[in-house]
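This report looks at the surroundings of the ligand, then at the nonpolar core, and finally at the confidence of the model.

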Amino acid sequence: MQQDDKTAGQQPVRQYESAFEWIGGEPAVQALVDRFYDLMDLEPCYRELRASHGPALDDARQKLCWFLCGWLGGPDHYVSRFGHPRLKMRHMPFSIGILERDQWLACMDQAMAETGVPGALRVQLQKSFFNTADWMRNRAGA
Ligand code: HEM
């Protein structure tokens with residue numbers, strides 16, 4: 001993917017090879033995922049999403065970071081360890097309706113805002129995350 005990042009004034013246009021590069025590489029993905037799970041733990045508005053996870057979030061934190069690195073066009077840490085993600089199948093043990101989907105998306109969007117994901121990239125990722133999260137629904141309705 002190639003994206004232009006036109007900063008204020010007469011800064012040169014910067015081209016990014018991937019969303020992974022644009023976001024700031026692995027440290028930025030790690031910061032995003034850490035904030036995502038911290039928010040899930042802290043904010044009452046993500047209560048049902050938090051409840052769908054087990055008591056500890058360490059495993060999920062590590063796996064989501066590895067997965068997103070590859071999903072954003074960076075190193076495929078997840079696939080090299082676990083093979084094809086088969087995300088829908090791996091989420092079948094958890095009941096995912098519109099409520100959980102929307103809490104996941106809102107939590108991720110808050111984490112993107114708070115960790116300084118560039119605005120244009122954030123808008124692009126909102127759409128991609130929506131498509132993936134919506135496809136993961138396995139319970140009809142809310
Ligand atoms: C739609 C709402 C979602 C819910 C309720 C949900 C919930 C969960 C839960 C409960 C786990 C297990 C965590 C653990 O092992 O302790 C998990 C794992 C995971 N989730 Fe989600 N998730 C959602 C959406 C997403 C999306 C949109 C992505 C990717 C963009 C994603 C990526 C992952 C990955 C990579 C794992 C680790 C899978 C594994 O190897 O076990 N999830 N999710």
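In this predicted model, 22 residues lie around the ligand, and among them Ala60, Lys63, Phe67, Trp104 and Ala133 come nearest. At least two residues of the shell come from each of the helices H4, H6, H7 and H8, and H4 gives the most, with five residues.

The largest nonpolar core holds 25 residues, of which Val29, Leu68 and Leu72 touch the most other members. Helix H1 (19-23), helix H2 (25-42), H4 and H7 each supply at least two residues of this core, and the largest share, six residues, again belongs to H4. In soluble globular proteins, nonpolar side chains tend to be buried together. For Leu72, if residues up to four places away in sequence are left out, the residues touched are Ser18, Ala19, Phe20, Ile23 and Val29.

As for confidence, the mean pLDDT of the chain is 92, and 90% of its residues reach 70 or more. Residues 1-12, however, have a pLDDT below 50, and beyond near neighbours in sequence this stretch has 12 contacts in the model.

Technical notes: Residues are numbered from 1 along each chain as its sequence is written. This is a predicted model: local features need pLDDT of at least 70, side-chain atom pairs count only at pLDDT 80 or more; totals for chains, interfaces and linings use all residues. A residue is near a molecule or strand if its C-beta atom, placed from the backbone, lies within 6 Å of it. Helices (H or I, at least four residues) and strands (E, at least two) are DSSP runs, numbered from the N terminus. A nonpolar core is a set of buried Ala, Val, Leu, Ile, Met, Phe, Trp, Tyr and Cys residues joined through C-beta atoms within 7 Å. A residue is buried if 20 or more other C-beta atoms lie within 10 Å of its own, exposed if 12 or fewer, and partly exposed in between; C-beta atoms are placed from the backbone. Two residues are in contact if their C-beta atoms, placed from the backbone, lie within 7 Å. pLDDT is the predictor's confidence in each residue, from 0 to 100.
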